[in-house]
Amino acid sequence: MNLTVLAASGQTGIALTRQALRRGHTVTAIARDPGRIVSDSPNLRIVAGDVNDAAGIAAVVDGDSVVLSALGTDRAGILLTGARAVVAAGPRRVIWLGAYGTGQSAEVAGEGAGVLAKVLGDRLADKVEADNTVLAAGGTVFHAGMLADGPESPRRRTVGLESAPPFDLAAKVSRETVAAAMLDEAETPGFPGAVALPLAE
C-alpha cells in the first residue's frame, strides 16, 4: 500500500514509518523535522511539511493516500488545523491518533477522563474537534492510553468503545503497539468512522 505518515519525526510517527516499511509498504513521511527520520529504504519518501500549510499537505496527499497521523501538540488549535488540512486533501482513508478519555471515549473511560481533562486544559476541545472532523470523513480514530517506550506487546488487541476498559492512568501502552494497531487498520479496516482502542493486552 501507499501510506502517508503525518508527524513522522515524532516518536510514534517514527514507529509507524519503521513498521510500515518493514511490512512492505511504500511510505511518504511528512515531518516538520525530516532530519530525525533515519532510513535508506527505497520505499521511503521524506517530505518537509507543516499542518499549518494546507496547500503543502494537499500537494502530498491525494485520493490514493491512506494517511496515518501521529500528530500531537502542546498548543490548542494545531490538531484541528491538521485534521482539516488532511481531510480537505481528500485521501482514501484517515487513521488518526487521539487520546483515551476524550470526546467519544470520555464516558466509558470513567474517572480517569476527568483527570485527563484537567491536564489537557484548552487542548481538550481541540482534540475532540479534530477527532470529530476525521470521524465525519469516515476515518478511524485510535484513542490510546498513556504512551510509553518499549516493544510491541505480543498480546495486543484492538477493541471498540463497547469493549473499552476503565481508563487506568497507571497503565501504559507502547508507541510500537499503537503503531502496529494503526497499521492493522490501514491494511484491514475494522473501525471505519469509529473510535478504536489499541490495548497492550
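This is a predicted model: local features need pLDDT of at least 70, side-chain atom pairs count only at pLDDT 80 or more; totals for chains, interfaces and linings use all residues.

Trainee: How are α3 and α6 packed, and at what angle?

Mentor: Two packed helices are described by the angle between their axes and the distance between the axes. Here the axes of helix α3 (residues 78–88) and helix α6 (residues 123–136) are 7 Å apart, at an angle of about 10°, which makes α3 roughly parallel to α6. Helices are DSSP runs of H or I with at least four residues, strands are runs of E with at least two, and both are numbered from the N terminus. Axes are lines fitted to C-alpha atoms, for helices over the stretch in contact, and angles run from 0 to 180 degrees between N-to-C directions; under 35 degrees counts as roughly parallel, over 145 as roughly antiparallel, 65 to 115 as roughly perpendicular and the rest as oblique. The crossing of α3 and α6 is left-handed, a term for a near helix turned anticlockwise from the far one by less than a right angle, with right-handed for clockwise.

Trainee: Which residues of α3 and α6 make the contact?

Mentor: With contact taken as heavy atoms within 4.5 Å, α3 contributes Ile78, Leu79, Leu80, Ala83, Arg84 and Val87, and α6 contributes Asp126, Lys127, Glu129, Ala130, Thr133 and Val134. These divide into 7 nonpolar, 1 polar and 4 charged, where Ala, Val, Leu, Ile, Met, Phe, Trp, Tyr, Cys and Pro count as nonpolar, Asp, Glu, Lys and Arg as charged, and the others, Gly among them, as polar.

Trainee: At what angle do α1 and α7 cross?

Mentor: The axes of helix α1 (residues 11–22) and helix α7 (residues 175–187) cross at roughly 55° and come within 9 Å, so α1 is oblique to α7. Their crossing is right-handed, and the residues in contact include Leu16 and Ala20 of α1 and Met182 and Leu183 of α7.

Trainee: Which residues touch the most other members of the largest nonpolar core?

Mentor: In soluble globular proteins, nonpolar side chains tend to be buried together. A nonpolar core is a set of buried Ala, Val, Leu, Ile, Met, Phe, Trp, Tyr and Cys residues joined through side-chain atoms within 4.5 Å, and buried means under 20% relative accessible area, exposed over 50%, partly exposed in between (1.4 Å probe, protein chains only). The largest such core has 35 residues, among which Leu6, Ile57, Leu71, Trp96 and Leu197 touch the most other members, and α3 gives the most to this core, with 5 residues. A second, separate core of 27 residues includes Leu16, Ala20, Met182 and Leu183.

Trainee: Is arginine 93 buried or exposed?

Mentor: Arginine 93, in strand β5 (residues 93–99), counts as buried because its relative accessibility is 14%. Not counting residues up to four places away in sequence, arginine 93 touches residues including Glu185 and Thr140.

Trainee: Is aspartate 64 buried or exposed?

Mentor: At 54% relative accessibility, aspartate 64 counts as exposed; aspartate 64 lies in the loop between α2 and β4 (66–69).

Trainee: What is phi of alanine 7 near?

Mentor: Phi of alanine 7 is near 65°, a positive value in a residue other than glycine, and alanine 7 lies in the loop between β1 (2–6) and α1.

Terms used. Residues are numbered from 1 along each chain as its sequence is written. Side-chain values use heavy atoms; hydrogens and water are left out.
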